[in-house]
Amino acid sequence: MRQTNTIKKTAVKSPTPKNRIETPLAQTSYSNGDFAKKVQETAYQLFVARGCAHGYDVEDWLAAEQIVRSS
């Protein structure tokens, strides 16, 4: 029998990007459930404003979070 060499790869966790902006939920005037509901409504409004074009769900959600946090 022939032996084969195998190399084990260990999982490497990538660090959180330092330029990532996180606004704590406590700085908003919404509770957890209200914040999520408002973000969902805003993301849907962005989707409709784009003409219901699919494929931009993540962008809409992130933009909606920024809009809700800044309001």
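## Arg 50 and its partner

Arg 50 is partly exposed, with a relative accessible area of 35%; the class covers values between buried (under 20%) and exposed (over 50%), taken with a 1.4 Å probe on protein chains only. Its side chain meets that of Asp 60 in a salt bridge, 2.7 Å from N to O. A salt bridge here is a side-chain nitrogen of Lys or Arg within 4 Å of a carboxyl oxygen of Asp or Glu. Asp 60 is buried, at 5% relative accessible area. Arg 50 sits in the loop between H1 and H2 while Asp 60 belongs to helix H2, so the pair ties together parts that are ten residues apart in sequence.

A word on the model itself: it is predicted, so local features need pLDDT of at least 70 and side-chain atom pairs count only at pLDDT 80 or more, whereas totals for chains, interfaces and linings use all residues. Residues are numbered from 1 along each chain as its sequence is written, and side-chain values use heavy atoms, with hydrogens and water left out.

## Overall layout

The protein chain has two helices and zero strands. These are DSSP runs numbered from the N terminus, with helices being H or I of at least four residues and strands E of at least two. H1 spans residues 32–49, and H2 spans residues 57–70. Of the 71 residues in the chain, 14% are buried.

Cys 52 is partly exposed, with 37% relative accessible area.

## Where the helices meet

The largest nonpolar core has five residues: Phe 35, Val 39, Ala 43, Ala 64 and Val 68. Such a core is a set of buried Ala, Val, Leu, Ile, Met, Phe, Trp, Tyr and Cys residues joined through side-chain atoms within 4.5 Å. H1 and H2 are the elements that give two or more residues to this core, and H1 gives the most, with three.

Thr 42, in helix H1, is buried at 7% relative accessible area. Leaving aside residues up to four places away in sequence, Thr 42 touches Ala 64, Ile 67 and Val 68. The C-alpha atoms of Thr 42 and Ile 67 are separated by 7.9 Å, although the two are 25 residues apart along the chain. A polar atom of the Thr 42 side chain also lies 2.8 Å from the backbone oxygen of Lys 38.

## Salt bridges within the helices

The salt bridge count comes to three. One of them links Glu 41 with Lys 37, the closest N and O atoms being 3.6 Å apart. Both residues lie in helix H1, four residues apart, about one turn of the helix. Glu 41 is partly exposed, at 35% relative accessibility.

Glu 65 and Arg 69 form another, with 3.9 Å between the closest N and O atoms. This pair lies in helix H2, again four residues apart, about one turn. Arg 69 counts as partly exposed at 26% relative accessibility.

How values were computed. Contact means heavy atoms within 4.5 Å. A polar contact is a pair of N or O atoms within 3.5 Å; within protein, one must be able to donate a hydrogen and the other to accept it, and residues adjacent in sequence count only if both atoms are side-chain atoms.
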